Amino acid sequence: MTSPKDGTDFLAGHTYIYSNTDRNFTIDVSANVTTGMCTLQPGSLSFTLLACTSSQLSGPSRASRFPDSNSVSDLAPAFGKDVTAFATAMKHAGITVRTLSTLRPPERAYLMHYSWLVAKRKLSPLKVPGFAASKKHPPVGICWVHATAHGTSKPQSMAAASKLAAAFHVASMGTTPTLTSLRTEGEAIVMSTTWTSRRFTIKNASGIRW
């Protein structure tokens, strides 16, 4: 720019590379005066990129990702061994056993936990932390902040979180779904049992009937 007038504004563009876990950027502004008496005050601006793809937006469709396992083999070894022995004893007694859920992925627990907090207005969607990823568990690509042409929309963000919490069947819970529990550690199982006999006898681990 040559011979600018006082207070002249100008536009500049730049392409930023970002990932789901790094959306904070800083712009440093500086200039050199090559001629004349112009001055420019250097400074910096910071911003957070809130936009995300439609596939990343929070909402009920996210509940189908990271489902609970229903396999006993996914349980912690010692507990899984006890579960297998107990289920076998019940089957020998004429009881039908059906495994409904075993290990809960930490990704699912994360989505359940924060969808409830945002839905209940206990946490701003802007302040939801990212999932603690690891080699075994990659980042959870989800955007909790919904936006319109006028900027971020807290009502839309909360509505989407409420629908996600409802899809997880935790919306009516009085307490926050936990991030870690026996379910996420493979130390719990959800099963159903049915029988037709009015009386039955089950052997315990020592082989004693009761």
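This is a short talk through one protein chain, from its overall make-up to a few of its residues.

Good morning, everyone; before anything else, please keep in mind that what you see above is a predicted model. Let me begin with the chain as a whole, which has 210 residues, 29% of them counted as buried.

Let me now turn to a pair of helices. How do helix 2 and helix 3 cross? Helix 2 covers residues 106-119 and helix 3 covers residues 154-167, and their axes come within 8 Å of each other, crossing at roughly 135 degrees. An angle over 145 degrees would count as roughly antiparallel, and 65 to 115 as roughly perpendicular, so helix 2 and helix 3 are described as oblique to each other. The crossing of these two helices is left-handed. On the side of helix 2, the contact is made by L111, S115, W116, V118 and A119, while helix 3 brings S157, M158, A161, S162, L164 and A165. Sorted by class, the residues in this contact are eight nonpolar and three polar, with no charged ones.

With that pair in mind, please find W144, which sits in the loop between helix 2 and strand 4. Is W144 buried or exposed? Its relative accessible area is 5%, and because buried means under 20%, W144 counts as buried. Leaving aside neighbours within four places in sequence, W144 is in contact with residues that include L111 and S115, both of which belong to the helix 2 side of the helix contact. The partners of W144 also include S157 and L164, which are on the helix 3 side of that contact, and among the others are S58, Y110, Y114, P125 and V128. The C-alpha atoms of W144 and K154, 10 residues apart along the chain, are separated by 9.8 Å.

The loop between helix 2 and strand 4 also holds R121, whose phi is near 60 degrees, a positive value in a residue other than glycine. R121 has 70% relative accessibility, and since over 50% is the cut-off for exposed, R121 counts as exposed. F66 has a positive phi too, of about 55 degrees, although F66 is not a glycine; you will find F66 in the loop between strand 2 and helix 1.

Finally, I would like to show you two pairs of residues that are separated along the chain. A159 lies in helix 3 and, at 36% relative accessibility, is partly exposed. The C-alpha atoms of A159 and G59 are separated by 8.3 Å, while along the chain these residues are 100 apart. The second pair involves T196, in the segment after strand 6, which is exposed with a relative accessible area of 78%. How many residues apart along the chain are T196 and G94? They are 102 residues apart along the chain, with 8.2 Å between their C-alpha atoms.

Note on methods:
Residues are numbered from 1 along each chain as its sequence is written. This is a predicted model: local features need pLDDT of at least 70, side-chain atom pairs count only at pLDDT 80 or more; totals for chains, interfaces and linings use all residues. Side-chain values use heavy atoms; hydrogens and water are left out. Buried means under 20% relative accessible area, exposed over 50%, partly exposed in between (1.4 Å probe, protein chains only). Axes are lines fitted to C-alpha atoms, for helices over the stretch in contact, and angles run from 0 to 180 degrees between N-to-C directions. Helices (H or I, at least four residues) and strands (E, at least two) are DSSP runs, numbered from the N terminus. Angles under 35 degrees count as roughly parallel, over 145 as roughly antiparallel, 65 to 115 as roughly perpendicular and the rest as oblique. A crossing is left-handed if the near helix is turned anticlockwise from the far one by less than a right angle, and right-handed if clockwise. Contact means heavy atoms within 4.5 Å. Ala, Val, Leu, Ile, Met, Phe, Trp, Tyr, Cys and Pro count as nonpolar, Asp, Glu, Lys and Arg as charged, and the others, Gly among them, as polar.
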